[in-house]
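This report describes the fold and packing of one protein chain. Please look over the model below before reading on.

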Amino acid sequence: MTREKWAIITLSGDGVDLAERLEKRLDDKDTHIYTKEKYAKETTKIIDADITSFMGRIMGEYDVLCCIMATGIVVRAIAPYLGHKSTDPGILVMDTHGDFVISLLSGHLGGANDAARLIAKRIDATAVITTGTDVKGTMAVDVLAEKIHCVIDDFTDAKDITALILNDEAIGLINEENCDLDGVTLPGNIELVADKSDIEKYAGVIITSLDTQKPEIQLSWVKLVPKKIVLGIGCRRDTPGKRIIEAIQATLDSLNLNEKGLKSLATIGLKADEIGIKEACDYFKAKKVIISNEMVQMVQSRFEASDFVFQTIGLYSVSEPCGYVASGFGECLLEKQKMNGITLSVWRAEN
């Protein structure tokens, strides 16, 4: 399992002392300390630019930035580079005594709230959390989405529903995709909907769904999209990423499937270095899964065989066996489709 990457950034000698103490307590993280050259030690890296330029350079490289300095400095330094809560890293601010650790930015999706609590526990500090749902002891939509391995389809919708949750309004949860709710303690005003005929008694609705259709309800709603779609893929050598992306989009559109639910692209080892497949994985934020030839051979008899493919790579099929295995032997939503040198099959993952 990949460890979280943390940067601890400070502009003073006292800050470096605290950073070194903190790094020792974060031995389960991949942690780097940054400071100005005059405070540098063997354990630190050097900030070789003004703080604003430096922050812009590293914000995309770390999961969490812990800044041991004044809050005002941090706010001004990160302001030009802020994107969206779904992509910004978690930003923490600490005083040089280590008394307080403030969750400044990306408290939920960026993990800053949990990071602040972790630091507070490990160095006996006080975590300062100002997120409304955390203060009130309830749950925001983005937290629920993360807990059940979904992505939010529209953040404006999510903001509206979270506001209703904070206001103690009744919210219905329609779990169309049977996302695993074991271990998730829902707030008292979020109820699992068993009978949709009672939907009007709620002020808003949360729906888990893979499709792109707008629900036929008159209430405020937000859609949570589970990462369950697996594509088996084969392609000619050096197929451009743009063509693969367009083929995937057209295929998912034809099935009314939300591309945000794309979990992985599965192929064989021979295609592991295909730039086009990598570009498609990056575009859709999907994982590339390589299925061994031996595993393909074990299941390929289930699918239509191609003598041409066998003569070329020694396997009778690529797309369908790879999708089938990578989905955990899941449900086939679309058998292989050939699109000018690209072959795709679509699967619903079982896990």
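What share of the contacts in the chain with a separation of 6 or more comes from residues 24 or more positions apart? The share is 60%, where contact means heavy atoms within 4.5 Å.

## Basis and overall fold

This is a predicted model, in which local features need pLDDT of at least 70 and side-chain atom pairs count only at pLDDT 80 or more, while totals for chains, interfaces and linings use all residues. Residues are numbered from 1 along each chain as its sequence is written, and side-chain values use heavy atoms, with hydrogens and water left out.

The chain holds 12 helices and 17 strands; these are DSSP runs numbered from the N terminus, helices being H or I with at least four residues and strands E with at least two. The C-alpha trace spans about 70 × 55 × 30 Å along its principal axes. Of the 351 residues in the chain, 47% are buried. Buried means under 20% relative accessible area, exposed over 50%, and partly exposed in between, with a 1.4 Å probe and protein chains only.

## Helix 1 and its contacts

Helix 1 (residues 13-25) and helix 4 (residues 112-123) cross at roughly 100°, and their axes come within 10 Å. Axes are lines fitted to C-alpha atoms, for helices over the stretch in contact, and angles run from 0 to 180 degrees between N-to-C directions. Angles under 35 degrees count as roughly parallel, over 145 as roughly antiparallel, 65 to 115 as roughly perpendicular and the rest as oblique. Helix 1 contributes Leu18, Arg21, Leu22 and Arg25 to the contact, and helix 4 contributes Ile119, Arg122 and Ile123. By class, this contact of helix 1 with helix 4 has 4 nonpolar, no polar and 3 charged residues. Here Ala, Val, Leu, Ile, Met, Phe, Trp, Tyr, Cys and Pro count as nonpolar, Asp, Glu, Lys and Arg as charged, and the others, Gly among them, as polar.

Glu20 also lies in helix 1 and is buried, with a relative accessible area of 18%. Leaving aside neighbours within four places in sequence, Glu20 is in contact with Ile33, Lys41 and Thr43. Glu20 and Thr44 are 24 residues apart in sequence, with 8.7 Å between their C-alpha atoms.

## Helices 8 and 9

Helix 8 (residues 241-254) packs against helix 9 (residues 275-284) at an angle of about 55°, with the axes 8 Å apart. The two helices are therefore oblique to each other. Helix 8 passes helix 9 in a right-handed crossing, meaning that the near helix is turned clockwise from the far one by less than a right angle. On the helix 8 side the contact involves Gly241, Lys242, Ile244, Ile245, Ile248 and Gln249; on the helix 9 side are Gly276, Ile277, Glu279, Ala280, Tyr283 and Phe284. The residues of this contact divide into 7 nonpolar, 3 polar and 2 charged.

## The largest nonpolar core

A nonpolar core is a set of buried Ala, Val, Leu, Ile, Met, Phe, Trp, Tyr and Cys residues joined through side-chain atoms within 4.5 Å. The largest one has 23 residues, of which Ile229, Leu231, Ile244, Ile248, Leu262, Leu265 and Ile277 touch the most other members. At least two residues each come from strand 13 (229-235), helix 8, strand 14 (262-268), helix 9 and strand 17 (342-348). Helix 8 gives the largest share, 5 residues.

Beyond neighbours within four places in sequence, Leu262 is in contact with Lys227, Ile229, Leu231, Ile248, Phe284, Lys285 and Ala286.

## Helix 12

In helix 12 (residues 319-326), 8 of 8 residues are buried. These buried residues pack against strand 13, strand 14, strand 15 (287-291), helix 10 (293-299), strand 16 (331-338) and strand 17. Just after helix 12, Gly328 takes a positive phi of about 75°.

## Loop residues

Ser106 sits in the loop between strand 6 (100-105) and helix 4, and counts as buried at 11% relative accessibility.

His149, in the loop between helix 6 (141-147) and strand 8 (150-152), is not a glycine but has a positive phi of about 60°. At 62% relative accessibility, His149 counts as exposed. Lys285 lies in the loop between helix 9 and strand 15. The phi of Lys285 is near 55°, a positive value in a residue other than glycine, and Lys285 is exposed, with a relative accessible area of 65%.
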